[in-house]
Amino acid sequence: MKVGIDLIHFATSDFYLGLDVFATEKNQDFDKYLIGIGQEKMSIAPPDEDIVTLSAKAAEPILAQMNRQMISAVFFATESGVDQSKSAGAFVHSLLALPNRCRVIELKHACYAGAAALQMAVNAVKANPNEQILVIAADIARYDLDTSGEATQGCGAVAMLIKADPRIVAIEPGSGYHTEDVMDFWRPNHRETALVDGKYSTKVYLNSLKAAWQHFTEVSGRSFEDIQQFCYHIPFTKMAEKAHRQLVKLAQVEQDESVTLAQIAPSQQYNRVVGNSYSASLFVGFCSLLDHQSHLDNQRVGFFSYGSGCVAEFFTGIIQTGYQAVLMTASHLQQIRERTPLTYAQYLELYHGSALTQADVTLPVYHSGPYRLVGIHEHKRHYAKTS
Ligand code: HMG
């Protein structure tokens with residue numbers, strides 16, 4: 001039985017900060033960002049947008065195409081949790097009017113949790129083919145001001161319907177994985193922003209790719225030549241380029257640099273202008289591949305998920321015949337196109353306004369919806385559907 005992603009849709013915020021504006025403010029050469037790390041813009045979430053509202057925005061267009069009463073579970077991956085106990089998925093479950101006969105759980109391991117949620121959902125459907133599971137990966141990447149990570153912020157949520165006989169991609173058995181206790185990027189419970197040992201994190205990412213790839217080739221029996229398209233976790237697009245070059249070397253493949261870059265270019269378009277969305281980033285990259293490269297029918301895609309700390313996994317999937325008929329490309333392009341650019345001062349206002357540590361606060365309206373965080377009262381978050 002084939003199991004995998006039947007529908008996929010991503011959402012990002014209504015605002016962005018151009019890295020040209022950022023570079024001017026920081027007295028840096030714009031090329032350091034545009035060429036050096038391969039980023040052009042980063043999506044910025046206003047205070048009344050969080051992982052819950054972004055996730056509901058990502059999932060609603062999927063649910064609108066099906067009987068939502070059939071959703072048997074929501075696996076919610078994030079490292080920007082809004083509560084230490086309650087799953088963010090429970091808020092989303094309510095906003096989306098999902099059935100009470102549904103299991104909801106939040107998964108965490110840095111950027112890896114989205115891939116973990118997908119694999120858990122695939123296995124749950126294999127065990128019970130009647131299950132239809134909503135996997136959501138959502139994050140707001142936030143670093144301290146004036147740190148190396150600040151230029152690699154961003155936000156996004158990806159919702160995926162996992163079921164039998166999927167229309168987009170069937171996930172194949174045979175994953176390679178790697179876990180190692182390292183401190184390359186972390187966010188202690190008392191902090192709103194992540195801490196990172198930036199250069200070290202890029203080395204651990206590459207080492208983890210090597211280990212996960214070796215495991216993958218052993219368990220799957222597949223080689224580089226069996227895979228036509230590649231999607232990486234993309235903290236910034238240059239990282240994925242470095243990773244893919246390393247994989248080509250590891251696999252001892254002789255090919256032109258232009259071929260190497262073409263194998264990952266379609267998957268990088270959205271991330272370049274959205275920024276890092278941590279657990280969602282790999283799947284924003286997958287949406288980008290689907291939306292920017294045609295004739296993918298029956299091609300094998302290699303997915304590399306990396307979560308700092310660290311856990312990594314390499315796995316593959318086969319694109320299904322006719323997949324293009326169910327893509328939501330227009331919505332993705334429209335969201336990106338219609339964002340409002342921010343000045344650096346406006347970015348700072350949203351940045352500081354998003355640190356919500358108060359027990360009681362009513363938030364001004366920053367964005368039109370379709371979902372908003374209305375406020376926090378007696379330490380309880382309140383959300384609303386606005387359109
Ligand atoms: P930095 O140290 O400020 O930048 O930040 P740099 O000086 O190393 O420059 C970056 C690149 O731009 C270099 O190229 C420069 O040569 C080049 P490289 O040596 O890397 O090939 N450059 C220029 N190019 C053209 N024209 C110019 C110019 N100037 C410089 N004028 C750093 C880099 C990665 C440290 C920073 O972005 C950072 O701290 N990022 C956050 C951490 C991160 O994203 N790590 C990635 C791996 S870990 C991961 O992916 C997990 C994560 O998503 C979290 C999770 O799992 O939850 C982060």
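Guide: Gladly! Let's begin with pairing: two strands pair if DSSP finds at least two bridges between them. This is a predicted model, and in it nine bridges join S6 to strand S7 (residues 154–164), the two running antiparallel. Within S7, Val158 stands opposite Ala137.

Visitor: What makes S4 and S6 a pair, and in which sense, parallel or antiparallel?

Guide: Pairing needs at least two bridges; strand S4 (residues 71–77) and S6 have six, in the parallel sense. One example is Phe76, whose bridge partner in S6 is Ile136.

Visitor: Why is strand S6 called mostly covered?

Guide: Buried means under 20% relative accessible area, and 10 of the 10 residues in S6 (residues 132–141) are buried. In a regular strand, side chains alternate between the two faces of the sheet. Here Gln132, Leu134, Ile136, Ala138 and Ile140 point one way, while Ile133, Val135, Ala137, Asp139 and Ala141 point the other way, and all are buried.

Visitor: How do you know whether Lys199 is buried or exposed?

Guide: Exposed means over 50% relative accessible area. Lys199 has 69%, so Lys199 is exposed.

Visitor: Why do S16 and S18 stand at the edges?

Guide: Their sheet is open and antiparallel, in the order S16-S17-S18. Strand S16 (361–362) and strand S18 (380–385) each have a single partner strand, so one side of each is left without a neighbour in the sheet. Two bridges join S16 to strand S17 (residues 371–377), and Thr362 has Gly375 in S17 as its bridge partner.

Conventions: Residues are numbered from 1 along each chain as its sequence is written. This is a predicted model: local features need pLDDT of at least 70, side-chain atom pairs count only at pLDDT 80 or more; totals for chains, interfaces and linings use all residues. Side-chain values use heavy atoms; hydrogens and water are left out. Buried means under 20% relative accessible area, exposed over 50%, partly exposed in between (1.4 Å probe, protein chains only). Helices (H or I, at least four residues) and strands (E, at least two) are DSSP runs, numbered from the N terminus.
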